[in-house]
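Here is a short tour for anyone meeting this structure for the first time. Take a look at the model below, then read on.

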Amino acid sequence: TRTMSFAVPTETRLHNECSGLPTVLHWFRMDSLRLHDNPAFYQAVTSGLKFKAIFIIDPWFNASYNNGLSINVWRFLLESLHDLDSRLQKRPYQTRLNVFVGQPTAILPELLTRWNVSKLTFQASQVSYESKKHDEIIQRMATEYKVECVPFFAHTLYNPNDVLTCNNGRVPVSYKEFRRLLPLLGCPQKPNPEPNPLSVLMSYGLGTSATDEVEGEIPTLQSLGFAPSE
């Protein structure tokens with residue numbers, strides 16, 4: 001099995017220790033572009049750390065922008081990102097959504113250093129085996145950078161790992177089989193509301209008088225390879 005190592009230069013460690021306020025970085029993902037029902041976001045904005053938010057358009061999962069997803073899907077995604085950015089600029093968050101294009105394994109190490117990140121939160125991937133392995137790489141990378149990595153399962157009613165544990169490591173193959181596990185699993189957690197503004201304002205580094213400058217602009221359809229007339 002091949003492993004990936006992320007070297008952390010000595011000057012990077014010194015920079016993290018000596019400059020800037022400690023930051024919590026929340027990584028919005030495709031299936032969690034919302035402020036409510038998002039435990040990872042809730043954890044980030046109430047952590048007491050300076051808050052930064054990002055979204056990464058990853059070509060590893062979308063090998064060809066205009067041959068993979070349709071233009072309507074991309075248009076909806078970009079509109080959703082603009083709406084999310086607009087909401088984050090308002091009180092109590094007063095920050096910006098930074099959007100980058102590339103692989104998270106290349107983008108995140110630079111951001112962890114530049115923003116003096118001590119904590120990384122995101123919604124764990126539950127889509128495919130490949131995406132789960134990708135998350136494991138991200139968590140190993142965060143560990144090597146001495147960053148606390150906190151993934152959350154929030155895309156399904158139950159954590160898939162809990163379902164497997166209750167079913168002796170097997171995936172339920174029918175709804176009837178799944179229902180038999182419910183007494184063991186208990187009631188699903190209720191969705192988180194959007195964080196209480198007062199709780200956010202009381203957290204360190206949030207609710208300041210100025211809005212952060214954006215460091216990663218939301219792309220246009222043209223910059224993603226679509227013709228202006230589409």
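## Salt bridges and their surroundings

There are eight salt bridges in this structure. Keep in mind that the model is a predicted one.

One of the salt bridges brings together the side chains of arginine 29 and aspartate 135, at 3.0 Å from N to O. This pair ties together distant parts of the chain, 106 residues apart: arginine 29 sits in the loop between strand E1 (23-28) and helix H2 (39-45), while aspartate 135 belongs to helix H6. Both arginine 29 and aspartate 135 are buried.

Next comes a group of linked residues. Lys52, Glu110, Arg114 and Glu215 are joined in a network of salt bridges. Within helix H5 (residues 104-114), glutamate 110 and arginine 114 lie four residues apart, which is about one turn of the helix. The closest N and O atoms of their salt bridge are 2.4 Å apart. Arginine 114 also meets glutamate 215, side chain to side chain, in a salt bridge of 2.8 Å, N to O.

| Residue | Partner | N to O distance |
|---|---|---|
| Arginine 29 | Aspartate 135 | 3.0 Å |
| Glutamate 110 | Arginine 114 | 2.4 Å |
| Glutamate 215 | Arginine 114 | 2.8 Å |

## A helix with a buried side

Now for helix H4, which covers residues 71-89. Its 19 residues reach 27 Å from the first C-alpha to the last, close to the 27 Å expected at 1.5 Å a residue. Which residues of H4 are buried? They are Ile71, Trp74, Leu77, Leu78, Leu81, Leu84, Asp85 and Leu88. Looking down the axis of H4, you'd find these buried residues within an arc of 150°, so they line one face of the helix.

With a relative accessible area of 5%, serine 131 is buried, because anything under 20% counts as buried. Its side chain makes a polar contact of 2.6 Å with the side chain of serine 125.

Glycine 216 is located in the segment after helix H9 (197-201). This glycine 216 is buried as well, with a relative accessible area of 5%. What does glycine 216 contact, leaving aside its neighbours within four places in sequence? The answer is Leu97, Asn98, Val99 and Phe100. As for phenylalanine 55, it lies 161 residues from glycine 216 along the chain, yet their C-alpha atoms are separated by 9.1 Å.

Notes: Residues numbered from 1 in each chain as written. Predicted model: local features only at pLDDT ≥ 70, side-chain atom pairs only at ≥ 80, totals over all residues. Heavy atoms only, no water. Buried < 20%, exposed > 50% of the residue type's maximum accessible area, 1.4 Å probe, protein only. Polar contact = N/O pair within 3.5 Å; in protein donor to acceptor, adjacent residues only side chain to side chain. Helix = DSSP H or I, 4+ residues; strand = E, 2+ residues; numbered from the N terminus. Contact = heavy atoms within 4.5 Å. Salt bridge = Lys/Arg side-chain N within 4 Å of Asp/Glu carboxyl O. Expected span 1.5 Å × (residues − 1). Arc of directions from axis to C-beta.
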